[in-house]
Amino acid sequence: MALMLALVVARPVGAKESLSIDIYAIPSPSIVHAVNEVSVDLAARGMATFHAKGQQAHVTLYLTQYPPSAAPALKAAVFKATKGCRSFPLTVAGLERTSSNWLFLKVDRTAALQRLADKITLAAEPLRSQNLSAPSWIKDYPEKLPAFERYGSPNVFMEFDPHLSLLANERSLNLGNI
């Protein structure tokens, strides 16, 4: 994995002037190549992946909402948390399709990746927006609710589930053949 961390402002959320910010790690070219191969296969079946639409292949480490004023402190906190970090290997462990038709390339949750995600969560969480509403999909994963309520993100610490997102809420009937 190329240990390039990125802060990506997804979009303004709601009238509260919050920003959804995804802190993620960018994988090595060989893993990006694997994402591209799956994307080409899915395109032949009539489905366009996030990667095919121009999004960077990435493993989300911490994703939540922040007040716009937190962005400079957040960048500094992530930089400090990752200072001295070295790259480490990632292994893609197959495809996973969720009940709501998201498609992921699963990534093995290694100790190094878990430590990095934990470090980022601890650095970024104090700056997040408070009193967030849980995402609607969490009803299908009630075990993730306590993490969301405490950390503003359902996929942290023991609920961290590393993956590369390919499709979201896919409606193509061809997904059933995968």
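**Salt bridges, sheet and core of a predicted model**

Lysine 144 and glutamate 159 form a salt bridge in which the closest N and O atoms are 3.7 Å apart; a salt bridge here is a side-chain nitrogen of Lys or Arg within 4 Å of a carboxyl oxygen of Asp or Glu. This pair links distant parts of the chain, with lysine 144 in the loop between H3 and H4 and glutamate 159 in the loop between H4 and S6, 15 residues apart. Helices (H or I, at least four residues) and strands (E, at least two) are DSSP runs, numbered from the N terminus.

This is a predicted model, in which local features need pLDDT of at least 70 and side-chain atom pairs count only at pLDDT 80 or more, while totals for chains, interfaces and linings use all residues. Residues are numbered from 1 along each chain as its sequence is written, and side-chain values use heavy atoms, with hydrogens and water left out.

**Salt bridges**

- The count of salt bridges under this rule comes to six.
- Lysine 144 counts as buried, at 8% relative accessibility, whereas glutamate 159 is partly exposed, with a relative accessible area of 22%; buried means under 20% relative accessible area, exposed over 50%, and partly exposed in between (1.4 Å probe, protein chains only).
- Glutamate 125 and arginine 150 form another salt bridge, their closest N and O atoms being 3.3 Å apart. Because glutamate 125 lies in the loop between H3 and H4 and arginine 150 in helix H4, the pair ties together parts that are 25 residues apart in sequence.
- Within that pair, glutamate 125 is buried at 12% relative accessible area, and arginine 150 is partly exposed at 44%.
- Arginine 45 and aspartate 41 also meet through their side chains in a salt bridge (3.3 Å, N to O). Arginine 45 is partly exposed at 30% relative accessibility, as is aspartate 41 at 37%.
- A network of salt bridges links Glu96, Lys106 and Asp161.

**The three-stranded sheet**

- Three strands form an open sheet in the order S4-S5-S6, with antiparallel pairing; two strands pair if DSSP finds at least two bridges between them.
- Strand S4 (92-97) and strand S6 (163-167) stand at the edges with a single partner strand each, so one side of each is left without a neighbour in the sheet.
- Neighbouring strands of this sheet are turned by 20 degrees against each other on average, direction ignored.
- Four bridges join S4 to strand S5 (residues 103-107) in the antiparallel sense, and leucine 95 stands opposite leucine 105 in S5.
- Helix H1 (residues 29-44) lies across S4, S5 and S6 and runs at about 20 degrees to S6. Axes are lines fitted to C-alpha atoms, for helices over the stretch in contact (heavy atoms within 4.5 Å), and angles run from 0 to 180 degrees between N-to-C directions.

**The largest nonpolar core**

- The largest nonpolar core has 36 residues, of which Ile23, Leu61, Tyr66, Ile120 and Leu164 touch the most other members. Such a core is a set of buried Ala, Val, Leu, Ile, Met, Phe, Trp, Tyr and Cys residues joined through side-chain atoms within 4.5 Å.
- Two or more residues of this core come from each of strand S2 (18-26), H1, strand S3 (59-66), helix H2 (71-82), S5, helix H3 (111-124) and S6. H3 gives the largest share, five residues.
- Leaving aside residues up to four places away in sequence, tyrosine 66 touches residues including Glu17, Ile23, Leu74, Leu127 and Arg128.

**Aspartate 140**

- Aspartate 140 is found in the loop between H3 and helix H4 (145-151), where this residue counts as partly exposed at 39% relative accessibility.
- Between aspartate 140 and leucine 105 there are 35 residues of separation in sequence and 20 Å in space, C-alpha to C-alpha.
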